[in-house]
Amino acid sequence: MSEHMQYLEEKRKIDSYFDKGYQIVSIFENLSGTFVDFVTSHDAGEREIVELQLLTAEARKYIASKLIVAN
Amino acid sequence: MSSLTGGQISLNLTDNFKEIHPGLTKREAIEEANRCLYCYDAPCIKACPTSIEIPKFIKKIASGNLKGSAKTILEANPVGASCARVCPTEELCEGACVLNNETKPISIGHLQRYATDWAMQQRKPLFEVGERNGKKVAIIGSGPAGLSAARELSLLGYQVTIFEAEKEAGGLNRYGIVSFRLPTEVVQWEVEQVKQLNVDIKTNTVVGIDITTEELLNQFDRVVVAVGMGNVPHLGIEGETLKGVYDAIEFVKRTKMEEPTNELVGKKVIIIGAGNTAIDAATTAVRLGAANVKIVYRRTKNEMTAYQFEYDFAKQDGVEFRWLTAPTKIIGNEQNEVVGLECIKMDLGEIGLDGRQKPVPIQQSEFVLETDVVIKAIGQSRHIQLIERFGLDHSKGVVEVNPETYQTSQEKVYACGDVVFGNGQGEAMVVTAAQQGKEVAKAIHRSFVLQSEIA
Amino acid sequence: MADLRINLAGIKSPNPFWLASAPPTNSGYQVQRAFDAGWGGAVWKTLGEPIINTTSRFAALSFNGQRVAGFNNIELITDRPLEVNLKEIYETKKRFPNHAIIASLMVEPKQEKWHEIVKRVEEVGVDGLELNFGCPHGMAERGMGAASGQVPELVEKQTYWVKEVAKTPVIVKLTPNITDITVTAEAAVQGGADAVSMINTINSLMGVDLDTWNTIPHVAGKGAHGGYCGPAVKPIALNMVGECARNPLINVPISGIGGISNWQDAVEFILMGATGVQVCTAAMHHGFSIVEDMIDGLNNYLDEKGITSIMDIVGKAVPKYSDWGDLDLNYKVVARINNDVCINCNKCHISCEDTSHQCIDMLKNEKGEPYLKVREEDCVGCNLCAIVCPVEGAINMVEMKQPLPSMTWNERQSSIARFKMDKVAK
């Protein structure tokens, strides 16, 4: 898979979590990339935490851009 | 610019008259400009009759200062765009380039064209008229010598009027040089540059008919005779009035005035003479679709006056050369059309007054070359009538001038360009004519400065 | 005709082109020839205790046939007594009252030495002083030049001593042989410098002869490091000028030096914050007459842009020079190949394939003719292909409109900061 395809896949996941109302609770960066923890919104009963590992540089830019747009 | 390549003949005749060399690309120009050593006291400058500061204009191409580059060229040579194309550069600047024995000389002509082409595209005036000094100068002829004198005089503040017999200004450059080497637009631009300096150019005006020499002398403070030369003289052989006999000057001129016609397609053509005009006529004939083009010359290749690159160019175009061959008679049919040229074989004999061996006919060696067209290119006649109307001293139509001031035997009359060329005076090149025009302007200016000092 | 006059910390000259302190400004004869040719100012070859030079002093780097791409010297400061130089400075200034003459000075780092030389050169009417804290060879071994220029305290202290007595503007010339030139530039400003100039030459060894194993140049079979200058150092100098120009603590004019060969180079330095420029190598290569095109080209450039005075463009590019953390990460350019212009040398393909991001494909059209195409989605916009491309216009870097807003690294880091947690790697 080309890096671009990999980015599109990661972007799709980020977008889908946001679409489903998930919110970011943690962003953690280390030698392996960026780890983003999403959590379901407060209203939705039991809270579920999903961790997404971003491998591509484009996705690491994208996630922060989403936060800037949201603010 | 002399690295022409011939031999590219199209069935579409109009294409054959488009400028052969496409001009340098930006990259070629930058690379070539950076190859220039920027010599001090450079030999190329000394080899240029107009002393263009060649390393300076090339350095300016390298630095991206194209306006400065074009100005450097045109300051020294008002017809620098034409000269970039027609100068025999290997005899002049490029021949003097110090890199000749080291690698290969800088393509000065091509670079000069690159800078002047840029200026042409800008369509902005590069020079400003000098403060008017109230003096009026008439210039007869708008060829390179006349234009050059006009430009310089106008910069010095003179009110200049040019009288031009033809429909359009430009003289030899406009009508006499084949357009695949010098396109009309280039000449028109150079004329325009001079016009922008408030020079009045009266075309379709023949001095001696539309205005008399007396009127000129009365109405102007100085007169510059820059009328060039006339048409090709008669051969003095039988058959010169047949249909299919052309004057080379007229022949070339027609291609500069109208779209090419098909009348030479498939024809056999013979040119008599081996000077640069003969080459122009021959290569023009090839470009008009002639099936076979021959040059006949009564001497050999060593004596021909055409430049080597002109000769090479004609050879590339497939022109045949018949050396030691002199025409004796043009043969016609019942319709008075040319069908052949009778020639006689020649031999070189004693050395004549001009230092060249004289051609001598070989008895009973006559033979006939079949041909449909004969083009005469054995030199040019002189405007003796006009010269005598001004009362100028001349020898066989070559106006005699003071070699420093270009002043004629009449105090108020100066002469420059081809009208003073011949009998050992100067070189018949566009660039020489341009330089003489500059010198005439300087001399005229000096004559007034001297006058005011005396007063 | 634009106004080319400059005023650098009170030093006025008819144009921004000065000769740098170096062999071209060794004598009155040379400086007067330079002024006749059109140079606006000259920084006299450094005055100090006369030295002794070696023979064999210069060497140059030819790059693929282009001579003097870089230049190296082991020549020291003036080898003539101060009186001789001062007499010639006086005579030159008398002949050219409107041209700038700046005396370059170098003495031991002692207050009385500086006081003495400053007073003596100012007596003959120089327009300013330039303190040579940069010469990297020879003098540095004696504790002067770069040796003192590399120690911020010494720069500050010596500048201060000079300012104690100087009546004319003081320019401090800085050495690039230091990690961060803004530190010494700040020290100069602290010491009271009216301006700074940069860069002096960079420590260098031009080469080693493959047959004799001698250094290039060598003196009787031995060599020592020299100072490097010429076109090759221009990017280094331009950065240092830019770094100083955008530093608010270095609030004095800058005289730009380093590889300036033509008017275009000069404009770049001036846009990047230099109030004028100094030239040496180009003059050594071609003679003083090169200034004619520098003036003419600069003038035509300003006229073309409708700018009436050169002083109006000083520092105009400085706000565009920033830190990496302030660059927009969402800005995107990609390479696009113009196949009408491309000559199919495949250099873009191989440079991308081997050394960048493998996004230029070698393809064939329906006629079986080869062509190159960029997979734009995989292109990172690095410029490499356009850099190696030999044909102008064959590869263009095209801006791609981004749906995402501008976001710098610094903005990214602060936007994710609130989600950052102390976690160890999993």
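Two residues are in contact if their C-beta atoms, placed from the backbone, lie within 7 Å. This is a predicted model, in which local features need pLDDT of at least 70, side-chain atom pairs count only at pLDDT 80 or more, and totals for chains, interfaces and linings use all residues. Residues are numbered from 1 along each chain as its sequence is written, while chains are lettered from A and ligands numbered from 1 in the order in which they are written. Helices (H or I, at least four residues) and strands (E, at least two) are DSSP runs, numbered from the N terminus.

**Where chain A meets chain C**

- On chain A, 15 residues are in contact with 16 residues of chain C.
- Three elements of chain A, α1 (3-19), β1 (23-30) and α2 (57-70), each supply at least two residues of the side that touches chain C.
- That side of chain A has eight nonpolar, five polar and two charged residues. Nonpolar covers Ala, Val, Leu, Ile, Met, Phe, Trp, Tyr, Cys and Pro; charged covers Asp, Glu, Lys and Arg; the others, Gly among them, are polar.

**Helix α13 of chain C**

- Helix α13 of chain C spans residues 409-417, and its buried residues are Glu411(C), Arg412(C), Ser415(C) and Ile416(C).
- Buried means that 20 or more other C-beta atoms lie within 10 Å of the residue's own; exposed means 12 or fewer, and partly exposed lies in between, with C-beta atoms placed from the backbone.
- Seen down the axis of α13(C), the buried residues fall within an arc of 120°, so they line one face of the helix. The arc is that of the directions from the helix axis to the C-beta atoms.
- An α-helix has 3.6 residues a turn, so residues three or four places apart point the same way.
- The cover over the buried residues of α13(C) includes β1 and α2 of chain A.

**Backbone exceptions**

- Most residues other than glycine have a negative phi, and most peptide bonds are trans.
- Met198(C) and Ile199(C) are joined by a cis peptide bond, with omega about 5°. Ile199(C) sits in the loop between β10 (195-198) and β11 (202-204) of chain C.
- A cis bond also runs from Ile216(C) to Pro217(C), with omega near -5°. Pro217(C) is in the loop between β13 (215-216) and β14 (226-229) of chain C.
- Tyr38(B), not a glycine, has a positive phi near 60°. Its loop lies between α2 (26-35) and α3 (43-47) of chain B. Tyr38(B) has 19 C-beta neighbours inside 10 Å, so it counts as partly exposed.
- Ser56(C), also not a glycine, has a positive phi of about 75°. Ser56(C) is in the loop between β4 (41-47) and β5 (58-63) of chain C. With 13 C-beta neighbours inside 10 Å, Ser56(C) counts as partly exposed.
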